Amino acid sequence: MIRAGLIAGYLAALLAVDTQVELPGQLVLGGLTWIVLVVAARRLPVERRLQVAVVICAATVAELTGSIIWGVYSYRLHNLPTFVPPAHGLVFMAGLSLSEALRRHARPLVVAAGTIALVWGLLGLTVLPRTDAAGALGVPLLLAFLWRSRARAAYAGVFLVVAGIELYGTAIGTWRWAEELPGLGIPDGNPPSGVASGYVWFDVMALLLAPRLPAAWHRLRVLVDPHVEELGEVHPALLLRERDELGRGHGPEPVLRRPVP
(Lines give C-alpha, C1' and ligand atoms only; values in the text may rest on other atoms or scores of the structure.)
Protein backbone atom coordinates (compact mmCIF):
# COMPACT_ATOMS: atom_id res chain seq x y z
CA MET A 1 0.00 0.00 0.00
CA ILE A 2 2.90 2.36 0.78
CA ARG A 3 4.49 1.66 -2.62
CA ALA A 4 1.19 2.34 -4.38
CA GLY A 5 0.73 5.60 -2.47
CA LEU A 6 4.28 6.80 -3.22
CA ILE A 7 3.93 6.04 -6.92
CA ALA A 8 0.52 7.73 -7.09
CA GLY A 9 1.94 10.79 -5.33
CA TYR A 10 4.86 10.98 -7.76
CA LEU A 11 2.57 10.68 -10.78
CA ALA A 12 0.26 13.40 -9.46
CA ALA A 13 3.21 15.75 -8.95
CA LEU A 14 4.63 14.81 -12.35
CA LEU A 15 1.43 15.70 -14.20
CA ALA A 16 1.05 18.94 -12.27
CA VAL A 17 4.61 20.05 -13.08
CA ASP A 18 4.12 19.14 -16.74
CA THR A 19 1.37 21.75 -17.04
CA GLN A 20 3.96 24.44 -16.19
CA VAL A 21 6.83 23.51 -18.53
CA GLU A 22 7.59 23.40 -22.23
CA LEU A 23 9.43 20.77 -24.28
CA PRO A 24 12.85 21.07 -22.52
CA GLY A 25 11.14 20.68 -19.18
CA GLN A 26 9.26 17.63 -20.45
CA LEU A 27 12.57 16.04 -21.46
CA VAL A 28 13.85 16.51 -17.92
CA LEU A 29 10.65 15.02 -16.51
CA GLY A 30 11.07 12.08 -18.84
CA GLY A 31 14.60 11.37 -17.68
CA LEU A 32 13.56 11.71 -14.05
CA THR A 33 10.62 9.34 -14.51
CA TRP A 34 12.83 6.69 -16.09
CA ILE A 35 15.14 6.92 -13.07
CA VAL A 36 12.19 6.61 -10.69
CA LEU A 37 10.95 3.57 -12.61
CA VAL A 38 14.33 1.82 -12.46
CA VAL A 39 14.67 2.50 -8.73
CA ALA A 40 11.10 1.35 -8.03
CA ALA A 41 11.53 -1.85 -10.05
CA ARG A 42 15.00 -2.71 -8.71
CA ARG A 43 13.75 -5.05 -5.96
CA LEU A 44 11.02 -6.69 -8.02
CA PRO A 45 11.37 -10.33 -9.13
CA VAL A 46 12.67 -10.84 -12.65
CA GLU A 47 9.27 -11.98 -13.93
CA ARG A 48 7.59 -8.88 -12.51
CA ARG A 49 10.18 -6.64 -14.16
CA LEU A 50 9.51 -8.39 -17.46
CA GLN A 51 5.81 -7.68 -16.99
CA VAL A 52 6.57 -4.00 -16.46
CA ALA A 53 8.66 -3.98 -19.65
CA VAL A 54 5.83 -5.60 -21.65
CA VAL A 55 3.33 -3.04 -20.33
CA ILE A 56 5.62 -0.17 -21.32
CA CYS A 57 6.07 -1.51 -24.87
CA ALA A 58 2.36 -2.25 -25.39
CA ALA A 59 1.24 1.06 -23.87
CA THR A 60 3.72 3.06 -25.96
CA VAL A 61 2.43 1.48 -29.17
CA ALA A 62 -1.13 2.26 -28.06
CA GLU A 63 -0.17 5.86 -27.22
CA LEU A 64 1.42 6.43 -30.62
CA THR A 65 -1.60 4.90 -32.35
CA GLY A 66 -4.34 6.55 -30.30
CA SER A 67 -2.82 9.98 -29.80
CA ILE A 68 -0.31 10.76 -32.55
CA ILE A 69 -1.84 8.80 -35.46
CA TRP A 70 -5.57 8.58 -34.74
CA GLY A 71 -5.99 11.71 -32.61
CA VAL A 72 -8.46 10.21 -30.12
CA TYR A 73 -6.78 12.32 -27.44
CA SER A 74 -3.93 14.81 -27.38
CA TYR A 75 -1.38 15.96 -24.85
CA ARG A 76 -0.91 19.60 -24.02
CA LEU A 77 1.98 20.11 -26.46
CA HIS A 78 0.46 17.76 -29.08
CA ASN A 79 3.32 15.31 -28.71
CA LEU A 80 4.03 12.12 -26.77
CA PRO A 81 5.82 13.35 -23.62
CA THR A 82 8.94 11.36 -22.79
CA PHE A 83 7.66 10.62 -19.31
CA VAL A 84 4.59 8.76 -20.60
CA PRO A 85 6.20 5.33 -21.36
CA PRO A 86 7.88 4.95 -17.95
CA ALA A 87 4.78 6.38 -16.26
CA HIS A 88 2.78 3.46 -17.69
CA GLY A 89 5.19 1.11 -15.97
CA LEU A 90 4.72 2.97 -12.69
CA VAL A 91 0.93 2.84 -13.05
CA PHE A 92 1.10 -0.92 -13.54
CA MET A 93 3.33 -1.32 -10.48
CA ALA A 94 1.01 0.86 -8.38
CA GLY A 95 -2.04 -1.17 -9.39
CA LEU A 96 -0.35 -4.46 -8.58
CA SER A 97 0.91 -3.11 -5.25
CA LEU A 98 -2.63 -2.02 -4.38
CA SER A 99 -4.06 -5.44 -5.23
CA GLU A 100 -1.32 -7.23 -3.26
CA ALA A 101 -1.83 -4.99 -0.23
CA LEU A 102 -5.56 -5.81 -0.31
CA ARG A 103 -5.05 -9.50 -1.02
CA ARG A 104 -7.24 -10.50 1.93
CA HIS A 105 -9.97 -8.21 0.61
CA ALA A 106 -9.71 -9.17 -3.05
CA ARG A 107 -13.42 -9.75 -3.50
CA PRO A 108 -14.49 -6.30 -2.19
CA LEU A 109 -11.74 -4.74 -4.33
CA VAL A 110 -13.07 -6.44 -7.46
CA VAL A 111 -16.67 -5.55 -6.61
CA ALA A 112 -15.71 -1.92 -6.01
CA ALA A 113 -13.86 -1.66 -9.33
CA GLY A 114 -16.72 -3.27 -11.24
CA THR A 115 -19.31 -1.06 -9.57
CA ILE A 116 -17.36 2.13 -10.29
CA ALA A 117 -16.88 1.14 -13.94
CA LEU A 118 -20.56 0.28 -14.37
CA VAL A 119 -21.86 3.44 -12.70
CA TRP A 120 -19.37 5.60 -14.60
CA GLY A 121 -20.46 4.08 -17.90
CA LEU A 122 -24.15 4.63 -17.12
CA LEU A 123 -23.55 8.23 -16.05
CA GLY A 124 -21.67 8.87 -19.29
CA LEU A 125 -24.72 7.77 -21.23
CA THR A 126 -27.21 9.80 -19.20
CA VAL A 127 -26.22 12.79 -17.06
CA LEU A 128 -22.57 13.73 -17.68
CA PRO A 129 -22.00 16.93 -19.72
CA ARG A 130 -20.48 14.94 -22.60
CA THR A 131 -22.18 11.83 -23.92
CA ASP A 132 -19.73 8.98 -23.50
CA ALA A 133 -20.87 6.26 -25.86
CA ALA A 134 -17.32 5.27 -26.84
CA GLY A 135 -16.24 4.90 -23.24
CA ALA A 136 -19.28 2.81 -22.37
CA LEU A 137 -18.25 0.27 -25.01
CA GLY A 138 -15.19 -0.62 -22.94
CA VAL A 139 -17.02 -1.22 -19.66
CA PRO A 140 -18.38 -4.69 -20.55
CA LEU A 141 -14.83 -5.76 -21.40
CA LEU A 142 -13.60 -4.82 -17.94
CA LEU A 143 -16.56 -6.47 -16.25
CA ALA A 144 -15.88 -9.68 -18.18
CA PHE A 145 -12.27 -9.77 -17.01
CA LEU A 146 -13.25 -8.96 -13.43
CA TRP A 147 -15.76 -11.80 -13.50
CA ARG A 148 -13.83 -14.56 -15.27
CA SER A 149 -10.08 -13.93 -14.98
CA ARG A 150 -7.86 -15.47 -12.32
CA ALA A 151 -5.98 -12.15 -12.18
CA ARG A 152 -9.17 -10.19 -11.46
CA ALA A 153 -7.69 -8.56 -8.33
CA ALA A 154 -4.71 -7.25 -10.31
CA TYR A 155 -7.00 -5.87 -13.00
CA ALA A 156 -9.17 -4.21 -10.35
CA GLY A 157 -6.17 -2.54 -8.71
CA VAL A 158 -4.82 -1.25 -12.00
CA PHE A 159 -8.28 -0.03 -13.04
CA LEU A 160 -8.65 2.07 -9.88
CA VAL A 161 -5.20 3.64 -10.32
CA VAL A 162 -5.77 4.37 -14.03
CA ALA A 163 -9.22 5.82 -13.36
CA GLY A 164 -7.79 8.19 -10.77
CA ILE A 165 -4.92 9.26 -13.05
CA GLU A 166 -7.28 9.83 -15.99
CA LEU A 167 -9.69 11.97 -13.98
CA TYR A 168 -6.82 13.96 -12.49
CA GLY A 169 -4.83 14.38 -15.72
CA THR A 170 -7.78 15.61 -17.75
CA ALA A 171 -8.94 17.91 -14.93
CA ILE A 172 -5.63 19.81 -14.82
CA GLY A 173 -5.23 19.84 -18.62
CA THR A 174 -2.27 17.48 -19.11
CA TRP A 175 -4.22 15.79 -21.90
CA ARG A 176 -7.68 16.04 -23.41
CA TRP A 177 -9.94 13.55 -25.20
CA ALA A 178 -11.67 14.42 -28.47
CA GLU A 179 -15.42 14.91 -28.33
CA GLU A 180 -15.87 12.20 -30.98
CA LEU A 181 -13.75 9.30 -32.19
CA PRO A 182 -12.10 10.66 -35.37
CA GLY A 183 -13.56 9.07 -38.47
CA LEU A 184 -16.29 7.26 -36.56
CA GLY A 185 -18.29 10.08 -35.02
CA ILE A 186 -18.98 8.15 -31.81
CA PRO A 187 -19.32 10.56 -28.83
CA ASP A 188 -16.50 10.26 -26.30
CA GLY A 189 -16.05 11.45 -22.73
CA ASN A 190 -13.20 13.42 -21.21
CA PRO A 191 -12.02 10.99 -19.96
CA PRO A 192 -14.05 8.08 -21.34
CA SER A 193 -15.44 5.69 -18.77
CA GLY A 194 -13.96 2.74 -20.62
CA VAL A 195 -10.43 4.05 -20.99
CA ALA A 196 -9.28 2.39 -17.79
CA SER A 197 -10.77 -0.90 -18.91
CA GLY A 198 -8.74 -0.62 -22.11
CA TYR A 199 -5.63 -0.72 -19.93
CA VAL A 200 -6.60 -4.28 -19.02
CA TRP A 201 -5.24 -5.38 -22.39
CA PHE A 202 -1.76 -4.21 -21.38
CA ASP A 203 -2.05 -6.21 -18.17
CA VAL A 204 -3.25 -9.28 -20.04
CA MET A 205 -0.27 -9.10 -22.40
CA ALA A 206 2.12 -8.62 -19.47
CA LEU A 207 0.75 -11.49 -17.39
CA LEU A 208 0.63 -13.86 -20.36
CA LEU A 209 3.82 -12.95 -22.23
CA ALA A 210 6.31 -12.17 -19.46
CA PRO A 211 6.61 -15.78 -18.15
CA ARG A 212 7.31 -16.98 -21.71
CA LEU A 213 10.02 -14.45 -22.56
CA PRO A 214 13.02 -16.27 -20.95
CA ALA A 215 12.21 -19.52 -22.78
CA ALA A 216 11.68 -17.63 -26.05
CA TRP A 217 15.03 -15.87 -25.62
CA HIS A 218 16.77 -19.20 -25.01
CA ARG A 219 15.21 -20.76 -28.12
CA LEU A 220 16.32 -17.75 -30.17
CA ARG A 221 19.90 -18.11 -28.92
CA VAL A 222 19.91 -21.82 -29.78
CA LEU A 223 18.51 -21.05 -33.24
CA VAL A 224 21.30 -18.54 -33.89
CA ASP A 225 24.04 -20.72 -32.38
CA PRO A 226 23.19 -24.42 -31.80
CA HIS A 227 26.28 -24.82 -29.58
CA VAL A 228 24.71 -22.54 -26.96
CA GLU A 229 22.51 -25.37 -25.70
CA GLU A 230 25.42 -27.80 -25.58
CA LEU A 231 27.58 -25.38 -23.64
CA GLY A 232 24.68 -24.56 -21.34
CA GLU A 233 24.61 -28.21 -20.21
CA VAL A 234 28.30 -28.20 -19.25
CA HIS A 235 29.24 -26.89 -15.84
CA PRO A 236 31.64 -23.90 -16.07
CA ALA A 237 34.04 -25.54 -13.58
CA LEU A 238 34.41 -28.54 -15.90
CA LEU A 239 35.29 -26.28 -18.81
CA LEU A 240 37.97 -24.52 -16.75
CA ARG A 241 39.44 -27.83 -15.56
CA GLU A 242 39.67 -29.17 -19.12
CA ARG A 243 41.38 -25.96 -20.21
CA ASP A 244 44.00 -26.32 -17.47
CA GLU A 245 44.59 -29.99 -18.30
CA LEU A 246 45.11 -29.17 -21.97
CA GLY A 247 47.58 -26.48 -20.98
CA ARG A 248 49.59 -28.88 -18.82
CA GLY A 249 49.50 -31.63 -21.45
CA HIS A 250 51.07 -29.49 -24.16
CA GLY A 251 53.61 -27.94 -21.85
CA PRO A 252 55.28 -24.62 -22.55
CA GLU A 253 55.56 -23.51 -26.12
CA PRO A 254 59.10 -24.05 -27.50
CA VAL A 255 61.11 -20.90 -28.05
CA LEU A 256 63.67 -20.77 -30.86
CA ARG A 257 66.87 -19.11 -29.79
CA ARG A 258 69.78 -18.03 -31.89
CA PRO A 259 72.86 -20.21 -31.21
CA VAL A 260 75.57 -18.56 -29.20
CA PRO A 261 78.85 -18.56 -31.21
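## Briefing: surface, salt bridges and interior

W70 is partly exposed, because its relative accessible area of 39% falls between the limits of 20% for buried and 50% for exposed residues. This description concerns a predicted model, in which the protein chain has 261 residues, 40% of them buried. The secondary structure of the chain comes to twelve helices and two strands, and the order of these elements along the sequence is α-α-α-β-α-α-α-α-β-α-α-α-α-α. Of the contacts in the chain with a separation of 6 or more, 74% are made between residues 24 or more positions apart.

**Surface and the patch around W70**

- The accessible surface of the protein chain comes to about 15600 Å², and carbon and sulfur atoms account for 67% of this area.
- W70 sits in the loop that runs between helix α3 (46-69) and strand β1 (73-75), and together with L64, I68, I69 and L184 it makes a nonpolar surface patch of about 510 Å².

**Salt bridges**

- Side chains of opposite charge can pair when their charged atoms come close.
- The structure holds two salt bridges, each described below with its two partners.
- D18 forms a salt bridge with R76, and the closest N and O atoms of this pair are 3.9 Å apart. The pair links distant parts of the chain, since D18 belongs to helix α1 (residues 2-18), R76 belongs to the loop between β1 and α4 (84-101), and 58 residues separate them.
- E100 forms a salt bridge with R48, with 2.8 Å between the closest N and O atoms. Since E100 lies in helix α4 and R48 in helix α3, the pair ties together parts that are 52 residues apart in sequence.
- E100 is partly exposed at a relative accessible area of 35%, and R48 also counts as partly exposed, at 23% relative accessibility.

**Helix α6 and the residues around it**

- Helix α6 (residues 133-148) contains the buried residues A134, G135, A136, G138, V139, L142, F145 and L146.
- At the start of α6, a side-chain oxygen of D132 reaches to within 3.0 Å of the backbone nitrogen of G135.
- S193 is placed in the loop between β2 (175-177) and α8 (195-198), and the side chain of S193 reaches the backbone nitrogen of A136 at 3.4 Å.
- S193 counts as buried because its relative accessibility is 1%, which lies under the limit of 20%.
- Leaving aside neighbours within four places in sequence, S193 is in contact with W120, G121, D132, G135, A136 and V139; among these contacts, G135, A136 and V139 are buried residues of helix α6.
- A117 lies in helix α5 (residues 106-126) and counts as buried, at 1% relative accessibility.
- Not counting residues up to four places away in sequence, A117 touches V139, L142 and F159, and V139 and L142 are among the buried residues of helix α6.
- The C-alpha atoms of A117 and L160 are separated by 9.2 Å, although the two residues are 43 residues apart along the chain.

**Nonpolar core**

- In soluble globular proteins, nonpolar side chains tend to be buried together.
- The largest nonpolar core has 55 residues, and the members that touch the most other members are L11, V52, L90, F92, M93, L146 and Y199.
- L146, one of the buried residues of helix α6, touches V110, A113, G114, R152, Y155 and A156 when residues up to four places away in sequence are not counted.

**An exposed loop residue**

- R103 has its place in the loop between α4 and α5, and R103 counts as exposed because its relative accessibility is 59%, which is over the limit of 50%.
- The C-alpha atoms of R103 and A153 are separated by 7.8 Å, with the two residues 50 residues apart along the chain.

How values were computed. Residues are numbered from 1 along each chain as its sequence is written. This is a predicted model: local features need pLDDT of at least 70, side-chain atom pairs count only at pLDDT 80 or more; totals for chains, interfaces and linings use all residues. Side-chain values use heavy atoms; hydrogens and water are left out. Patches are made of residues with over 30% relative accessible area and no salt bridge: like charges are joined within 9 Å, nonpolar side chains (Val, Leu, Ile, Met, Phe, Trp, Tyr) within 5 Å. Accessible areas come from the Shrake-Rupley method with a 1.4 Å probe; for residues, only the protein chains shown count as cover. A salt bridge is a side-chain nitrogen of Lys or Arg within 4 Å of a carboxyl oxygen of Asp or Glu. Helices (H or I, at least four residues) and strands (E, at least two) are DSSP runs, numbered from the N terminus. Buried means under 20% relative accessible area, exposed over 50%, partly exposed in between (1.4 Å probe, protein chains only). Contact means heavy atoms within 4.5 Å. A polar contact is a pair of N or O atoms within 3.5 Å; within protein, one must be able to donate a hydrogen and the other to accept it, and residues adjacent in sequence count only if both atoms are side-chain atoms. A nonpolar core is a set of buried Ala, Val, Leu, Ile, Met, Phe, Trp, Tyr and Cys residues joined through side-chain atoms within 4.5 Å.
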